[in-house]
Amino acid sequence: MAEISNPRYSRPIDVHRWSDHPEVKALVEEIWQDYLPWQITGKQGERRPGPQPKTSFKNQLRVLILDLYVAWLEDPELSIGMSMSPNEWNANSRYNALHLSKKLIPITEALSIAGLVDLAKGSYAGPGAKSNRTTRIRASEGLQNMFRDAKFQRDDVHRFDGQEVIILRDEKVAGKVGKEVEYTDTPNTNAMRSELKSYNDLLAASFIDIATLQEPIIPREDAVDGSLPVRIHPDHARLRRVFSRKDWSMNGRGDVPVDVEVCLKGGVAFPEP
């Protein structure tokens with residue numbers, strides 16, 4: 001397992017990666033059968049006792065492998081930030097449409113032991129400390145080789161359609177974005193969601209590009225150490241409405257994806273023929 005020399009060069013885990021491509025399923029099945037212990041996969045032929053998860057553990061592994069794959073394509077040095085605290089995984093959250101659970105923690109640890117994931121443990125020095133960070137993971141050389149041999153591509157990986165687009169956040173803490181807050185739907189939130197779906201359906205049917213770019217990447221003008229460039233990709237072309245301070249009257253004007261905003265300022269969004 002290689003050392004992650006710069007854990008700050010990272011982004012949060014994306015819990016809404018998905019693909020039904022047969023080769024994706026085949027790769028996940030290989031990892032499930034050959035690299036994970038029976039304590040995670042269960043004994044062959046036996047039904048796991050107790051309540052069954054909303055999303056099978058194997059499908060949760062699929063989400064994780066897909067996000068590692070996308071990060072590897074963007075940059076093999078790029079890490080994914082992932083909380084290893086069970087309290088941070090709420091399978092019933094509206095912001096976790098694929099119902100990923102705390103089971104991802106032992107799955108990730110098993111992948112690290114098996115040599116498929118490089119892992120840098122998180123750190124906590126106290127409330128608001130700048131050195132605080134979650135655990136960082138990325139595809140190891142072994143998993144990268146499996147990705148190279150795989151017969152699927154980036155365009156075979158998409159976002160899960162059920163991802164929440166009406167976001168309610170708590171107040172900021174130590175300058176950081178407030179945590180997402182659960183809420184009960186009302187006619188107003190349902191109407192906002194329906195309206196955004198129409199916009200997002202239009203974006204999904206459009207080709208968004210900047211013709212002057214050699215590659216679909218734009219460095220940030222305000223880049224600092226560890227910041228990531230803007231990547232132009234259909235996955236990012238999705239509008240949201242984000243409300244602050246647990247108050248539906250605060251903000252909520254619409255969260256335009258950075259790549260769409262950049263394209264509209266420096267290029268054009270072209271409808272597909």
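Biologist: Hi! What is the strand order in the open sheet of 4 strands?
Modeller: The order is 1-3-5-4, with mixed pairing; two strands pair if DSSP finds at least two bridges between them. Strands (E, at least two residues) and helices (H or I, at least four) are DSSP runs, numbered from the N terminus. This is a predicted model, where local features need pLDDT of at least 70 and side-chain atom pairs count only at pLDDT 80 or more, while totals for chains, interfaces and linings use all residues. Residues are numbered from 1 along each chain as its sequence is written, and side-chain values use heavy atoms, with hydrogens and water left out.

Biologist: Which strands stand at the edges?
Modeller: Strand 1 (10–12) and strand 4 (117–120) do; each has a single partner strand, so one side of each is left without a neighbour in the sheet.

Biologist: And in what sense do strand 4 and strand 5 pair?
Modeller: Antiparallel, over 4 bridges. L119 stands opposite I137 in strand 5.

Biologist: Switching topic: where is S140?
Modeller: S140 is in the loop between strand 5 (135–139) and helix 5 (141–149).

Biologist: Is S140 buried or exposed?
Modeller: Buried, at a relative accessible area of 3% (buried is under 20%, exposed over 50%, partly exposed in between, with a 1.4 Å probe and protein chains only).

Biologist: Nice. Which residues does S140 touch?
Modeller: Leaving out residues up to four places away in sequence, S140 touches G115, L116, V117 and D118, where contact means heavy atoms within 4.5 Å. A polar atom of the S140 side chain lies 2.6 Å from the backbone oxygen of G115.

Note on methods
Polar contact = N/O pair within 3.5 Å; in protein donor to acceptor, adjacent residues only side chain to side chain.
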